[in-house]
Amino acid sequence: MSSLSSMFGCGVVMAPPQALGIGKRSDGGLTIVCSSRPQKKATAHHMKTRPRKTQPWDINRKPTVYDPMPPLPPDWTLVIPADASSASAAPPPPSA
């Protein structure tokens, strides 16, 4: 049989039942000294309390299908002057 301190993981103090004000229905006057209620950290708490799908219609629901996005405009537009022979067009700067 293991000791009480190994079961609870901390020290246990035995006090007489009269000191605690407990009558004959006492369980021996066990008082746990280092009791705590550890709280879950953020991610563990959100995983534990996240909403869960329980209905079959919700579990089997497929994601919404949207129309494809239109093509994006180009980042650089090359503007050629009307008199291309007299002006030299510089190449666009490289994109980073």
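**View 1. Overall fold of the predicted protein chain.** The secondary structure comes to 4 helices and 2 strands, where helices (H or I, at least four residues) and strands (E, at least two) are DSSP runs numbered from the N terminus. Along the sequence, the protein chain reads α-β-α-β-α-α. This is a predicted model, in which local features need pLDDT of at least 70 and side-chain atom pairs count only at pLDDT 80 or more, while totals for chains, interfaces and linings use all residues. Residues are numbered from 1 along each chain as its sequence is written, and side-chain values use heavy atoms, with hydrogens and water left out.

**View 2. Confidence along the protein chain.** The mean pLDDT (the predictor's confidence in each residue, from 0 to 100) is 75, and 53% of the residues reach 70 or more. Where pLDDT is low, the predicted coordinates should not be read in detail.

**View 3. Surface of the protein chain.** About 9,700 Å² of the protein chain is accessible surface, 61% of it belonging to carbon and sulfur atoms (Shrake-Rupley method, 1.4 Å probe; for residues, only the protein chains shown count as cover). Of the 96 residues, 4% are buried (under 20% relative accessible area; exposed is over 50%, partly exposed in between; 1.4 Å probe, protein chains only).

**View 4. The salt bridge between Asp58 and Arg61.** The closest N and O atoms of Asp58 and Arg61 are 3.0 Å apart; a salt bridge is a side-chain nitrogen of Lys or Arg within 4 Å of a carboxyl oxygen of Asp or Glu. The count by this rule is 1 salt bridge. Asp58 has a relative accessible area of 16% and is therefore buried, whereas Arg61, at 52%, counts as exposed.

**View 5. Arg52 in the loop between H3 and helix H4 (56-59).** Arg52 has a relative accessibility of 48%, so this residue counts as partly exposed.
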